[in-house]
Amino acid sequence: MVKPRYIFGEAWSIARSGARQTLLAIGLIALSLYVPALFALLSKNLGRLSTDAETPAAVITLDPAADGRGIARRLADDSRVREIRIVSSDAALARFRRAYPELGAALGDLKEAPFPPTIEVRMRPSAGPGAGTAVAAAARSWPGVEIAESEEEIGRRFSDGVRIVRAAGLALGGVLVLAAILSVASAIRLALDLHRDEIEIMRLMGATETAVRAPFWLHATGEGLAGGALALVLLYATYRLGLNYLARSPHPVLSMFWGSFLDWRAVTLMPLIGAAAGLFGSMISLTRRT
Amino acid sequence: MIQLFRVSKEYGRFRHALADVTCTIERGEFVFLTGPSGAGKSTFLKLLFRDEPPTSGQILVNGRNIGVLPPSQIPYFRRSVGVVFQDFKLIRRKSVFENIAFVQNVLGLSRAEQKRRAYQVLKRVGLHHQMNAYPDELSGGEQQRVAIARAIVNEPTLLLADEPTGNLDPVLSEEIMRLFLEINIRGTTVLVATHDFDLIRRMGKRVLSLDRGRLRDAPLRRDASPTAVREAPFLPLG
């Protein structure tokens, strides 16, 4: 039975004796995890905008002086409509601040309300496709209505777009995680070359295969963990930089795409994926013959 | 202690490193293994600490057939055998103490116990004051003494040495041989592979001679000249 103290001591010793290789491996793993994580962040923010059951089928933008309740009553007369919700300018601003807490402050200094009052129309499931478009088309000619848009088509296209981004991120992520594993495997091979004589001596002195390999496994797992953590730090730095930029110069579209950071599960997962990549990379490079 | 019965070792089809070797080394014996370069001395030792398996034949060490030892058991077997190499095989990034205490460290012995054992063996080889030095800070003779200390720290019943004086001058060689004798007097079986005939003659111990992979027991007289040894080294024991 190999004692943990020995494994930790040797792993640390391996890391110190090849400090440059260790840093290089951490950098490569960080880079390999950073790119897919960036996709995950984009996908998450885009996903918040995509349609679901609660997404209105049509949004009627009102003239600030219009009789909102009157228009709402008229819309409610349509039997296909399930729900009507009047969203005032203040309510729209409050909603924006809830959804984008980091960007909401940037709108605080404005004297006028940045969002016009709207009416959100949700249809019954039995209404069928195209009902939202028909309601929006009818409402366009009503007095007090500035714009009436159906969200159905846009929502569908947007959902498709989000799905594509997610799939691309997943595919790229898979490739890059594989690259991370190979990077660790190469780094471990380098470390093995540096310590080949030692490994030979250790075996001759009666070290078991576990005693020879476990410190390398731990070393690589540590590299992966550090790489994952570094990728997380880089991602958060990118996110904060983006927020600062958007706070200084708000952008109507980009601001919506850059509203929140990854949730705690994804944040925990990144270093763990790095560690797993490190462990797997070291296992494929450390065989009995090495 | 050691019994070899019709042991052969081949590398490929045409290179016979050892051929049909049969011999016995008794417990507590001090034996020299000699022969010209390429005679099979190193292969003989490699088989004894199971660095390599024999192609055929049986090798018994302490009654155990090590030729059929499963790979998982080899490290444990090696811990019962001390090995000293010509090139010392010390780990450069580890101190003298760490080199010696390596196996104890793997086994999880307390640091205090590791230090106590390392100090004891280093005192036996006269290097207890160099416990924290690194191999590169030591002379060749000192490095070989550290290697010997490492080989005996587990109190092995068998000590194998492959050309242990090959890189040392005659004075240091003498010193190292004295150490082996001391170890042997304490009860450890010692087998030293060397082609230093002067050294063998001075020691007056039993000699196993190898020639092109074949073994003959040869008595080596103290008064034999090096030339005579080389010309007729394989006199059968009477």
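Two strands pair, in my notes, if DSSP finds at least two bridges between them. Strands (E, at least two residues) and helices (H or I, at least four) are DSSP runs, numbered from the N terminus.

**Setting up.** I am working on a predicted model, where local features need pLDDT of at least 70 and side-chain atom pairs count only at pLDDT 80 or more, while totals for chains, interfaces and linings use all residues. Residues are numbered from 1 along each chain as its sequence is written, chains are lettered from A and ligands numbered from 1 in the order in which they are written, and side-chain values use heavy atoms, with hydrogens and water left out.

**Chain B sheet.** I started with β1(B) and β4(B), which pair antiparallel over five bridges. There I found B:Gln3 with B:Leu60 of β4(B) as its bridge partner. On to β2(B): seven bridges join it to β1 (residues 2–11) of chain B, again antiparallel, and B:Tyr11 has B:Arg15 as its partner in β2(B). Two bridges link β4(B) and β5(B), also antiparallel, with B:Val61 opposite B:Arg64 in β5(B). The hairpin of these two strands has two residues between them, and B:Asn62 takes a positive phi near 50 degrees there.

Put together, I get an open antiparallel sheet of four strands in the order β2-β1-β4-β5 (chain B). Its edge strands are β2 (15–25) and β5 (64–65) of chain B, each pairing on one side only. Helix α1 (residues 41–48) of chain B packs on this sheet and touches β1, β2 and β4 (56–61) of chain B; contact here means heavy atoms within 4.5 Å. The direction of α1 makes about 120 degrees with that of β1(B). For such angles, axes are lines fitted to C-alpha atoms, for helices over the stretch in contact, and the values run from 0 to 180 degrees between N-to-C directions.

**Chain A sheet.** Next I looked up the open sheet of chain A, four strands in the order β2-β3-β1-β4 with antiparallel pairing. Here β2 (81–87) and β4 (145–150) of chain A are at the edges with a single partner strand each, so one side of each has no neighbour in the sheet. The twist averages 15 degrees from one strand to the next. I counted five bridges between β1 (residues 58–62) of chain A and β4(A), where A:Ile60 has A:Ala148 as its bridge partner.

Which residues lie closest to the centre of the largest cavity? First the rule: on a 1 Å grid over the protein atoms alone, a cavity is a set of points where a 1.4 Å probe fits but cannot get out, and lining residues have an atom within 4 Å of a point. I found four cavities of 30 Å³ or more, and the largest has a volume of about 120 Å³. Of its 15 lining residues, A:Met205, B:Val103, B:Arg150, B:Ala151 and B:Asn154 are the closest to the centre. β6(B) gives the most to this lining, with three residues.

**Aromatic pairs.** My search gave six aromatic pairs over all chains, counting rings of Phe, Tyr and Trp (its six-membered ring) with centres within 6.5 Å, where planes under 30 degrees apart are stacked, over 60 edge-to-face and the rest tilted. A:Tyr6 and B:Phe102 are edge-to-face, at 6.0 Å centre to centre and 70 degrees between the planes. This pair crosses between chains, from helix α1 (residues 4–17) of chain A to helix α4 of chain B.

Definitions and conventions: 1 Å grid on protein atoms, 1.4 Å probe; cavity = no way out; pocket = protein on both sides within 12 Å on 5 of 7 lines; lining within 4 Å. Points joined across faces, edges and corners; volume = space filled by probe spheres on them.
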